[in-house]
Amino acid sequence: MDLLDTLTAKGLRGEVPTREEALAVLATTDDELLDVVAAAGKVRRRWFGRRVKLNYLVNLKSGLCPEDCSYCSQRLGSKAEILKYTWLKPDQAADAARAGVAGGAKRVCLVASGRGPTDRDIDRVTDTMAAIKEADPEVEICVCLGLLSDNQAERLKAAGADAYNHNLNTSEGTYGDIATTHTYADRVDTVQKAHGAGLSACSGLIAGMGESDEDLVDVVFALRELGSDSVPVNFLIPFEGTPLAKEWNLTPQRCLRILAMVRFVNPDTEVRIAGGREVHLRTMQPLGLHIANSIFLGDYLTSEGQAGQADLDMIKDAGFEVEGAGEATLPRHRADIAEAAQAGGSCGTAASACGSGGGCGPCGGHAHAAAPAAEATISESSEGDDELRSDLVKVRRRGAGTELAPNA
Ligand code: SF4
């Protein structure tokens, strides 16, 4: 297929495809799917070999959020029966983080619900990072606290944070349909603040909220332009008790096409399969490893993932290997761009100057869907059955915030 030959050649050179080529990936048929995966796999192996980076989520503060992100089980008015608790103490968070690192995680992601942190919250997270790094100085820490105010990113950087997550989630054009309490521009601003302070930018998307192919391509190109070093691809988890509970718009094949499109647009950037991996890819998860070079180990913020050991077994069985603490994630040229941008105090990008992208949401990326603030008005053809699937969506009842051991 000419399209795949072109995309492979561009990806191997680290070049970004055209918007039309990205759209064409999403339009491929199921008969072409394995060819699409194989082409994306060549690009993935060119820049990331057979390594899989493991990331581990610690939900520092769960639920009770005043924001109205429609995909989130922690949002204002959510009826989802998730764990709700306020800030974990530093030693509690460090215990959870240690379990993830022992399971093979290279990066710990510290997430808290809410619009954004107070300066006192930055103090709490500073103490938490110190407790984690005291136990394991090598571990990477990514922080996700929502919208940042002036100087908060600098404080996090000085306290030892390596990265900041704030997802764009969807296209600028449809952002107002999934949240009304903050804007796409707010998210862009926070990613730029984080990047400008020298933090690695982690910013991604959520697929399956009823968006169009054009929306998906828009947000993925925006992320590329924004200079995100890692791109988490969430697949909406339609939580019972939320307005998006019946938004079953994804199939495993659709998820693989989306991942492939993200890979072609971000050939040399970390692409992470995030929330919804087990729910939507299901038995096709190993094929996702041929495209993405990063996943979360174990559970998510408010939903359970498969057993951590099952993640490790899958990686091994599929012929991949867990990325070690001493191994660089990004290829050298890409890491140089990121470091130069951070040193220069500006939002860097592999392709161009800092664009108008967006930020990650207040803990938005690892979405465990929920109720739209504004009832989700974006919709398109549904591949789903419009029914609740409590057999697939399991609320997290273990790990952080409980007496039970974390899943790692
Ligand atoms: S994504 Fe973050 S800010 Fe939005 S509702 Fe959920 S917890 Fe609140």
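## Second largest pocket

In this predicted model, the second largest pocket holds about 230 Å³ of space. Its lining is made up of 13 residues, and those closest to the centre are Gln92, Gly399, Ala400, Gly401 and Thr402. By class, the lining of the second largest pocket has six nonpolar, four polar and three charged residues.

## Largest pocket

The volume of the largest pocket is about 540 Å³. A set of 23 residues lines the largest pocket, and Arg107, Glu140, Ser200, Leu330 and Glu339 are the ones nearest its centre.

Helix H14, which spans residues 332-343, supplies five residues, the largest share of the lining of the largest pocket. Sorted by class, the lining of the largest pocket comprises 12 charged, six polar and five nonpolar residues.

## Packing of H9 and H10

Helix H9 covers residues 213-226 and helix H10 covers residues 252-265; the two pack with their axes 10 Å apart, at an angle of about 35°. The crossing in which H9 passes H10 is right-handed.

On the H9 side, the residues in contact are Asp213, Leu216, Val217, Val220, Phe221 and Arg224, and on the H10 side they are Arg254, Ile258, Met261, Val262 and Val265. Eight residues of this contact between H9 and H10 are nonpolar, three are charged and none is polar.

Note on methods: Residues are numbered from 1 along each chain as its sequence is written. This is a predicted model: local features need pLDDT of at least 70, side-chain atom pairs count only at pLDDT 80 or more; totals for chains, interfaces and linings use all residues. Side-chain values use heavy atoms; hydrogens and water are left out. Axes are lines fitted to C-alpha atoms, for helices over the stretch in contact, and angles run from 0 to 180 degrees between N-to-C directions. Helices (H or I, at least four residues) and strands (E, at least two) are DSSP runs, numbered from the N terminus. A crossing is left-handed if the near helix is turned anticlockwise from the far one by less than a right angle, and right-handed if clockwise. Contact means heavy atoms within 4.5 Å. Ala, Val, Leu, Ile, Met, Phe, Trp, Tyr, Cys and Pro count as nonpolar, Asp, Glu, Lys and Arg as charged, and the others, Gly among them, as polar. On a 1 Å grid over the protein atoms alone, a cavity is a set of points where a 1.4 Å probe fits but cannot get out, and a pocket is an open set with protein on both sides within 12 Å along at least five of seven lines; lining residues have an atom within 4 Å of a point. Grid points are joined across faces, edges and corners, and a volume is the space filled by probe spheres set on the points.
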